[in-house]
Amino acid sequence: MSRPDALLPRHRDDGSPVFAEPWQAEVLAIASELSKRGVFSAAEWSVALGASLRASAERGEPDDEEHYYEAALDALEGLLSARAPTVGSGLPARIEQWRRAYLNTPHGRPVELAAGAGSE
């Protein structure tokens with residue numbers, strides 16, 4: 001049986017923020033929404049996330065929040081590539097577009113993609 005809260009973050013007892021960065025919340029929100037829409041199941045998300053976390057551990061990465069959310073992002077990208085190939089196949093190019101935009105944005109300014117960046 002799939003629990004609806006399986007895609008949600010754990011609550012902290014000390015009252016500190018659940019997410020250190022907005023993108024961490026966005027990864028889980030996107031995974032939750034895609035699961036609700038049937039792109040993949042909560043069980044498939046669990047398997048993909050577990051595999052990504054094991055791979056992170058095998059690379060010797062620390063078992064901390066930063067690497068947890070990096071593993072979650074990796075799992076989400078993998079599921080999208082497998083379940084929505086038209087979306088997943090465009091991820092590497094889109095990631096590179098955002099990387100270039102980030103590197104070319106002056107400090108303190110919002111990072112934005114140039115008009116038409118999605119059509120490269």
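Q: Before we get going, what counts as a salt bridge here?
A: A side-chain nitrogen of Lys or Arg has to sit within 4 Å of a carboxyl oxygen of Asp or Glu. Keep in mind that this is a predicted model.

Q: Fine. Which residue does Arg37 pair with that way?
A: Arg37 bridges to Glu33, and their closest N and O atoms are 2.8 Å apart. That falls within 4 Å, so the pair qualifies.

Q: Is Arg37 buried or exposed?
A: Arg37 is exposed, at 64% relative accessible area.

Q: How many salt bridges does the structure hold?
A: Five. One of them joins Glu44 and Arg83, with the closest N and O atoms 2.1 Å apart.

Q: Let's zoom out. How many helices and strands are there?
A: Five helices and zero strands. Reading from the N terminus, the order is α-α-α-α-α.

Q: How much of the protein is buried?
A: Of its 120 residues, 26% count as buried.

Q: Which residues touch the most other members of the largest nonpolar core?
A: Phe40, Trp45, Leu49, Leu76 and Leu80, out of 17 residues in that core. The elements giving two or more residues to the core are helix H1 (22-36), H2 and H3.

Q: Which element gives the largest share?
A: H3, with seven residues.

Q: Tell me about Leu49. Where does it lie?
A: Leu49 lies in helix H2. Its relative accessibility is 9%, so Leu49 counts as buried, the cut-off being under 20%.

Q: How far is Leu49 from Ala75 in space and in sequence?
A: Their C-alpha atoms are 5.2 Å apart, although Leu49 and Ala75 are separated by 26 residues in sequence.

Q: Switching to the surface: which residues form the negative patch?
A: Glu21, Asp63, Asp64, Glu66 and Glu70.

Q: Where in the fold is Asp64?
A: Asp64 sits in the loop between helix H2 (42-58) and helix H3 (65-83). It is partly exposed, with a relative accessible area of 31%. A patch residue needs over 30%, so Asp64 passes that cut-off.

Q: And what is the place of Glu70?
A: Glu70 is in helix H3. At 35% relative accessibility, Glu70 is partly exposed.

Q: How far apart are the C-alpha atoms of Glu70 and Trp23?
A: 10.0 Å, with 47 residues separating Glu70 and Trp23 along the chain.

Q: What about a nonpolar surface patch, which residues make one?
A: Trp98, Tyr102, Leu103 and Val111 make a patch of about 420 Å².

Q: Where is Val111?
A: Val111 is in the segment after H5. Its relative accessible area is 30%, which puts Val111 in the partly exposed class.

Q: How far is Val111 from Ala101 in space?
A: 6.3 Å from C-alpha to C-alpha, with Ala101 and Val111 10 residues apart in sequence. Ala101 lies in helix H5.

Q: Last one: is Ala101 buried or exposed?
A: Buried, with a relative accessible area of 13%. The cut-off is under 20%, so Ala101 falls on the buried side.

Notes. Residues are numbered from 1 along each chain as its sequence is written. This is a predicted model: local features need pLDDT of at least 70, side-chain atom pairs count only at pLDDT 80 or more; totals for chains, interfaces and linings use all residues. Side-chain values use heavy atoms; hydrogens and water are left out. Patches are made of residues with over 30% relative accessible area and no salt bridge: like charges are joined within 9 Å, nonpolar side chains (Val, Leu, Ile, Met, Phe, Trp, Tyr) within 5 Å. Accessible areas come from the Shrake-Rupley method with a 1.4 Å probe; for residues, only the protein chains shown count as cover. Lys and Arg count as positive and Asp and Glu as negative; His and the chain ends are not counted. The place of a charge is taken as NZ of Lys, CZ of Arg, CG of Asp or CD of Glu. Helices (H or I, at least four residues) and strands (E, at least two) are DSSP runs, numbered from the N terminus. Buried means under 20% relative accessible area, exposed over 50%, partly exposed in between (1.4 Å probe, protein chains only). A nonpolar core is a set of buried Ala, Val, Leu, Ile, Met, Phe, Trp, Tyr and Cys residues joined through side-chain atoms within 4.5 Å.
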